[in-house]
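Here is a short briefing for a first look. Keep the sequence and the structure in view while reading.

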Amino acid sequence: MTHRMLNRIGLLFAALVMISPVILFFIWMISLSLKFEIDNGAYPPILIPERVAWSNYAKVFEENNFLLYFWNSVLVTGAATLLALVIGVPAGYGIARLKAERAAMVIMIARMTPGLSFLIPLFLLFQWMNLLGTLLPQIIIHLVVTVPIVVWIMIGYFETTPKELEEAASIDGATSWQVFRLVALPIAKPGIVVAFILAVIFSWNNFVFGIVLASRETRTLPVAVYNMLSFEQVSWGPLAAAALIVTLPVLVLTMFAQKQIVAGLTAGAVKGG
Amino acid sequence: MASVTVDTSAADAVTAKGVKPPRLAPNYWPFVVPALVVIGAVIVFPWVFTLWMSVNSWTLGQEQEFIGLDNYIRLAGDMRFWESMWHTAIYTVLSVVAPLFLGTLAALVFDGQFPLRGFLRGVFVMPMMATPVAIALVWTMMFHPQLGVLNYLLSLVGIGAQEWIYNQSTVIPSLVLVETWQWTPLIMLIVLGGLAAVPREPYESAEIDGANAWQKFRYLTLPMIAPFLMIAVIIRSIDAVKSFDIIYAMTQGGPGTASETINIYLYNTAFAYYDIGYGSAMAVVFFVVIVALSFVLMMVRARTNWADMEDR
């Protein structure tokens, strides 16, 4: 009994050691974001300041248009994710039922291709269509991220859902669409949630498309926070505050939807091989 | 339900004769078509268009001209390109090996039972979901040679100040440190999935035979999770080769070109110098490298599985 207790405490200790770089990083990130310049420039570094600089957060919103960029991020991620679900969930269903290996292969190669290589041709296309300066190019190019991930997860999910009910429904005279809508879709809800969460996270975090396609008014948050670094007098407090604002929604989602994320990533992972 | 069973068996009989059953093959293609259209437009079209641009001399704002394979020939003699290939290779190998080692270790810990396990696993997973640019900016501040917290921590254990990402010889290891911090959790999750499928019985007999912990890991656990380690290597390699956000946000390929990987050089060529044709040729070569890499890794994986089966 005591041996087992010791074992558990030992494992807990080992786990704490393993996650300490994660905890220390985020604590330091919060600390940086809540200190005035004087404290951030102090040596030896100060962890908990005497005066807390809440104003860093206010500054981010006041001086850097962050409300607009936050809204841009919400629009781009929201539209790209919803569109991907609308076309990707049925596609995953169709590919799984058709056992369309070649279609699945295209999806896999699309997931392996570096995002940058889609950027050159699509950038030119958007330029010719005179779309640059609106959010539309970013919404469209984020589909490169969201559609393959949704289709991929849904193929895997529909491969595991039973076909018998669907067959019974189609014998009873339901059309293909009714079978999908009334039988297959309700069962697939957990898979759709996983696909939704991962699509949101990967789209929200995307940086490379924005640095090329975004203009001053159409920046998403990752681009906005990067621009703070390159174009202004670098002050660490507001910069860390901005970085925290950018990544906080994703971190909160990760904490609440941990089970789905783990399921999605490992399912995708196992299928990826 | 009874009628269903009867009907399917009848259908099976028909299929066996080579005649398609009329009702039981619903048309699934309409479900796939919208996605095919979108994938054609945003994924396949860019692939084809990139190929075409790569055989043109094409700088933004100037006339384009068909030049055949000249861009590829130029690439073959471009020392900066070969240097970026070399950087990519080092970066990738380090960014696979370090997370693989640490992630497996973490998986072994998280496979056990201890208080707060679920919560701690959730915290451990956070870096890989966090926005890479935001993370990179904070690491940049931590790497600061004078004011950074890392040099302070090193000084506490008596190690002298480092220049981290500001020195040509330490920039890639420093970037790999960030990459490792961010992606070790993914390896942990994959290996954890492998450990969950490991049966208990062999361990019991090994204990009876007096095997120690290391022997149990080396001769029981490791062979059984080997396929999962291989999957982890494949996924991590493809991601590491493509890594862009962290490198670009922290060093933009610098100091000089010391951390310029293919992806960064490609970006600079196309969007800093607007040399679209040459950049496209680079994108094509990069694409081939990634496909070749995954092909090789999958071959190795197929071989390991085969060896596994022989062992049994």
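The UniProt annotation "transmembrane region", from an unreviewed entry, covers six stretches of chain A: residues 9-30, 69-96, 108-129, 135-158, 191-214 and 234-256. The model shown is predicted.

**Chain A overall**
- Chain A has 14 helices and zero strands.
- The C-alpha trace of chain A spans about 75 × 70 × 30 Å along its principal axes.
- Chain A has 273 residues, and 47% of them count as buried.
- Among contacts in chain A with a separation of 6 or more, 78% join residues 24 or more positions apart.

**Two of the annotated stretches**
- Residues 108-129 of chain A are 82% helix and 0% strand. The end C-alpha atoms of that span lie 29 Å apart.
- Residues 191-214 of chain A are 88% helix and 0% strand. Here the end C-alpha atoms are 32 Å apart.

**Domains of chain A**

**Where chains A and B meet**
- The contact between the chains takes 80 residues from chain A and 77 residues from chain B.
- On the chain B side, helix H2 (residues 29-54) of chain B gives the most, with 13 residues.
- The chain B side divides into 60 nonpolar, twelve polar and five charged residues.

**The annotated domain of chain B**
- UniProt lists residues 85-297 of chain B as "domain: ABC transmembrane type-1", in an unreviewed entry.
- That span of chain B is 76% helix and 0% strand. The end C-alpha atoms of residues 85-297 lie 18 Å apart.

**A buried helix in chain B**
- Helix H6 (residues 132-142) of chain B has eleven of its eleven residues buried, so it is largely enclosed by the rest of the structure.
- The buried residues of H6(B) include Pro132(B), Trp139(B), Thr140(B) and Met142(B). Also among them are Val133(B), Ile135(B) and Leu137(B).

**A closer look at Phe244(B)**
- Phe244(B) sits in the loop between helix H10 (213-242) and helix H11 (245-250) of chain B.
- Phe244(B) counts as buried because it has 20 C-beta neighbours inside 10 Å. The cut-off for buried is 20 or more.
- Leaving aside residues up to four places away in sequence, Phe244(B) touches Leu116(A), Val208(A) and Asn263(B).
- Phe244(B) and Ala107(B) are 137 residues apart in sequence. In space they are 27 Å apart, C-alpha to C-alpha.

Methods:
Residues are numbered from 1 along each chain as its sequence is written. Chains are lettered from A and ligands numbered from 1 in the order in which they are written. This is a predicted model: local features need pLDDT of at least 70, side-chain atom pairs count only at pLDDT 80 or more; totals for chains, interfaces and linings use all residues. UniProt positions are given in the numbering used here, feature names are shortened, and annotations may be inferred rather than shown by experiment. Helices (H or I, at least four residues) and strands (E, at least two) are DSSP runs, numbered from the N terminus. Two residues are in contact if their C-beta atoms, placed from the backbone, lie within 7 Å. Ala, Val, Leu, Ile, Met, Phe, Trp, Tyr, Cys and Pro count as nonpolar, Asp, Glu, Lys and Arg as charged, and the others, Gly among them, as polar. A residue is buried if 20 or more other C-beta atoms lie within 10 Å of its own, exposed if 12 or fewer, and partly exposed in between; C-beta atoms are placed from the backbone.
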